Amino acid sequence: MSKQFSTLETLRILLDHKRVMFDAIRLMDKSGDRYINEAQLAVTVLDHMKDLDSVERQRVQIAFSTDNLLQTHILADRDTHNGITRLIFQEAVIGLFRLCDASLYQELTDSKLKSRLAGLWRVQEKFQSGTLSYYEGDPDYTELVDDTFEQLSMLLDVLKRNVIRMKSLSQDFEGMSTEACKDPQSFARFREELLVQVTTLFERHIKPTQSFLNHNIRLAEGDNLFEVMNCIKLVFERNDKIDKADQIFRFSLSFSNIFKPITLVAHQVDQFLRKTRASMAQFNAMEHHYQLLSEAYEQTLDHKLNKTKIDSNYAKSFEFINGLKKLPRPKDLRISDSPSYFANLFAELEVRLADKLSNALPLDDATAWQSEENSNKIKRNLALYDYLSTITLRPTNDLTAVLHYRLKDSFEGYNMMDLLSAVIRMRKQRDNFELKTTNRMAYISHGDNVYVYRRKRLIDTTQSEES
């Protein structure tokens, strides 16, 4: 087939059928090679062309042919080894298709980051050597400046792509977990494989990137990234290259902005690992003891009539079971909306409150402690008690309601706490009267709330004595 396309047209066709290149890049990443076998690429192209019409099938076949890829310089080289033809794509082409799919981004490793930092160290040494003229027409100076900004731009690009890749990790974990849950038999194996995978990702990719972008990191081989950039910026400033110093400063800001999302991803993955490790330990412990319990139970199923229960030695082998029978059975807490439930609840509250008040100091002698709010509360209680000492009491079947309506009309800023204080006060201040709490329920409304309480009868003791 002699017909070939131009580089632009070939790239356009490759982008229109990007799934072929995506699959090819995944094959290379999976094998860890920088090349793909020509036969593997041909199989991928043929599989993709099955659903295309004849015209488009011919265009794809021409565009992905080895001769066309070489002629358009999309392939960097073609090599034959042991009878196998290997195709090596241009890194720029691979990078273009990685940009189209975040899942194809490669995580940065510690060695990759240090190799890029080593290039900046060489640049730093040349700036500090004192041999540069800093003259715009000097080729050595202009080439060094171009090399500096090119390295910083490439480093910023790969770090930003790495952040995008790391942000999509949670979606990958969710999808993997969903697939594993469909097959319960493989779930345990999946959890172990996922833990290894995530641990490797965290230790080999996320933590090195986080350390690389840390201002405070100290390296034995040389300065960290920000120290290198600051050194180059100072050199530019000393030689009145303010524009270039400003560009270096802007690069440092961009790298600093990447540190926060990387740290956030590192925290999320670390939490995922901690939960996974803990849950796996719990799962393994439960599975281990379940197997022991099953074996002990199987022994009770034989024909021996005296072997009807699990041997007690089984329970003695577990430290967490020993002494369990000595512990009291937990008491259940039942919450209900029945009147009897509320009656018992209020009775318990009243008893506890009465015990608390019997051991407390009289409020008449109380003083506030370093707080204006506490002082105002005490003054308000004293004013309330003064008001209660002036009112005239009469026998009633509902003392709470009587106090509620009197305080509501007469006491400024009245609230339910005032009513509670007044009822407690009336337990002590009831000359010639006896206060009895009944089991009959009643309610009062205040504002937008309705309060349910037990009625309290106020009985005149003088009339009962006379009668």
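Reply: A salt bridge here is a side-chain nitrogen of Lys or Arg within 4 Å of a carboxyl oxygen of Asp or Glu. The model is a predicted one.

Me: With that criterion, how far apart are the closest N and O atoms of Arg98 and Asp29?
Reply: Side chains of opposite charge can pair when their charged atoms come close. Arg98 and Asp29 form a salt bridge, and their closest N and O atoms are separated by 3.0 Å.

Me: Which helices hold Arg98 and Asp29, and how many residues apart in sequence are the parts that the pair ties together?
Reply: Arg98 belongs to helix H6 (residues 91-100), whereas Asp29 belongs to helix H2. The pair therefore ties together parts whose separation in sequence is 69 residues.

Me: Is Arg98 buried or exposed?
Reply: Buried means under 20% relative accessible area. Arg98 has a relative accessible area of 8%, so Arg98 is buried.

Me: Is Lys50, which forms a salt bridge with Asp47, buried or exposed?
Reply: The closest N and O atoms of Lys50 and Asp47 are 3.2 Å apart. Asp47 has a relative accessible area of 39% and is partly exposed. For Lys50 the relative accessibility is 59%, so this residue counts as exposed.

Me: At what angle do helix H2 and helix H3 pack?
Reply: H2 spans residues 18-31 and H3 spans residues 38-48. The crossing of H2 past H3 is right-handed. Asp47 of H3 is among the contact residues, as are Asp23 and Leu27 of H2. The axes are 10 Å apart, and the packing angle is about 145°.

Me: What is the handedness of the crossing of H1 and H4?
Reply: The axes of H1 (residues 7-16) and H4 (residues 54-63) come within 10 Å and cross at roughly 115°. Contact residues include Glu9 and Ile13 of H1 and Arg59 and Val60 of H4. The crossing is left-handed.

Me: Which residues are linked with Glu9 in a network of salt bridges?
Reply: Glu9 of H1 and Arg59 of H4 both take part in the contact of these helices. The network links Glu9 with Arg12, Glu56 and Arg59.

Me: In the hairpin of E2 and E3, which residue takes a positive phi?
Reply: E2 (residues 75-81) pairs with E3 in the antiparallel sense over six bridges, and Asp77 has Ile88 of E3 as its bridge partner. Two residues lie between the strands of this hairpin. The residue with a positive phi, near 55°, is Asn82.

Key. Residues numbered from 1 in each chain as written. Predicted model: local features only at pLDDT ≥ 70, side-chain atom pairs only at ≥ 80, totals over all residues. Heavy atoms only, no water. Axes fitted to C-alpha atoms, helices over the stretch in contact; angles between N-to-C directions. Helix = DSSP H or I, 4+ residues; strand = E, 2+ residues; numbered from the N terminus. Left-handed = near helix turned anticlockwise from the far one by under 90°. Contact = heavy atoms within 4.5 Å. Pairing = 2+ DSSP bridges. Buried < 20%, exposed > 50% of the residue type's maximum accessible area, 1.4 Å probe, protein only.
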